[in-house]
Amino acid sequence: MRLNRMLLSATLVVVALVIQVSVLARLQLPGAVPDLLLLTVVGLALVYGHVGGALIGFGSGLLADLAPPADHAAGRYALVLCVIGYAAGLAKPENGRIRSVTGPMLVVVAAAVGSTLLYAGVGSLVGDTAARHVGLTGLLFSAAVYDLLLAPFTVPLIMALARRAENDPLAEGRDTGGVTSDVATGWLATGTGLKIGSQRGGLRMKAAKSRAAKAGRIKGVKRL
């Protein structure tokens with residue numbers, strides 16, 4: 001991953017984890033808890049793709065496993081978010097542009113349901129049956145509703161920040177359609193160079209017109 005991707009992803013994940021632990025986890029809502037960390041992984045995966053989404057998901061999940069007051073085995077949520085980040089990255093459009101909000105919202109719902117099922121499934125493998133006592137159906141429904149309500153305020157912002165970091169002028173030139181983009185070249189092509197050239201062309205046209213006018217006047221004098 002590029003340095004700007006790593007810095008942005010780490011910052012967003014840490015901020016999301018702090019808000020998740022200090023605010024959202026204390027709301028005492030019925031059912032599940034709004035998962036801001038999951039939405040952060042989904043938003044970044046929709047821009048960076050399945051490989052970046054898997055790496056970000058694993059790292060953010062591992063931080064959540066180690067952050068207090070975690071009450072489960074380390075690596076459990078890392079595995080869940082790694083799979084979710086990979087799957088969400090597969091939904092990234094080829095041109096990088098998302099024309100409708102329907103796609104990301106469906107990805108959010110699928111991620112909320114999938115993460116809850118994976119977390120409960122991994123828990124059953126290690127002997128954690130808390131999901132059965134709470135009610136898996138209620139957890140799935142509440143997780144989908146909470147994340148879907150929170151997504152419009154978080155996912156577009158995260159995707160916009162990720163795209164802005166990708167288009168950083170200080171980054172290395174990227175291959176776009178077989179042509180490597182160069183900031184200096186683009187600046188020169190749209191900057192003062194073309195303006196000076198157009199001004200020179202205009203001066204030449206004016207000089208030619210003035211010479212033609214003078215020649216016409218001289219011919220008129222000779223005829224008289």
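Colleague: What makes the approach of the Ser22 side chain to the backbone oxygen of Val18 a polar contact?

Modeller: In this predicted model, a polar atom of the Ser22 side chain lies 2.5 Å from the backbone oxygen of Val18, and because a polar contact asks for N or O atoms within 3.5 Å, the pair qualifies. Ser22 is found in helix H1, and its relative accessible area of 36% falls between the limits of 20% and 50%, so Ser22 is called partly exposed.

Colleague: How do you know that the span of H1 agrees with what its 20 residues should give?

Modeller: At 1.5 Å a residue the 20 residues of H1 should span 28 Å, and its end C-alpha atoms are 28 Å apart, so the two values agree. The buried residues of H1 include Leu8, Ser9, Leu12, Val13, Ala16 and Leu17, and what covers the buried residues of this helix includes H2 and H6. As background, an α-helix has 3.6 residues a turn, so residues three or four places apart point the same way.

Colleague: How many aromatic pairs are there, and what makes the pair of Tyr77 and Tyr119 stacked or edge-to-face?

Modeller: The count comes to one aromatic pair. The ring centres of Tyr77 and Tyr119 are 6.0 Å apart, which is within the 6.5 Å limit, and their planes stand at 80 degrees, which is over 60, so the pair is edge-to-face. Tyr77 lies in helix H3 and Tyr119 in helix H4, so the pair ties together parts that are 42 residues apart in sequence.

Colleague: What lies over the face of Tyr119, and what do the buried residues of H3 pack against?

Modeller: Arg76 lies over the face of Tyr119, at 3.8 Å from the ring centre, which is within the 6 Å limit used for a charge over a ring. Both Arg76 and Tyr77 are among the buried residues of H3, and the buried residues of that helix pack against H2 and H4. The 14 residues of H3 should span 20 Å, and its end C-alpha atoms are 20 Å apart, which agrees.

Colleague: Which residues touch the most other members of the largest nonpolar core, and which helix gives the most to this core?

Modeller: Of its 35 residues, Leu37, Leu38, Val42, Leu44, Tyr48 and Tyr77 touch the most other members. Helices H1, H2, H3, H4 and H6 each supply at least two residues, and H2 gives the most, with 13. Leu38, leaving aside residues up to four places away in sequence, touches Tyr77, Leu81, Ile84, Ala111, Ala112, Ser115 and Asp147.

Notes: Residues numbered from 1 in each chain as written. Predicted model: local features only at pLDDT ≥ 70, side-chain atom pairs only at ≥ 80, totals over all residues. Heavy atoms only, no water. Core = buried A, V, L, I, M, F, W, Y, C linked by side-chain atoms within 4.5 Å. Buried < 20%, exposed > 50% of the residue type's maximum accessible area, 1.4 Å probe, protein only. Helix = DSSP H or I, 4+ residues; strand = E, 2+ residues; numbered from the N terminus. Contact = heavy atoms within 4.5 Å. Phe/Tyr/Trp six-rings, centres within 6.5 Å; stacked < 30°, edge-to-face > 60°. Lys NZ or Arg CZ within 6 Å of the ring centre and 35° of its normal. Expected span 1.5 Å × (residues − 1). Polar contact = N/O pair within 3.5 Å; in protein donor to acceptor, adjacent residues only side chain to side chain.
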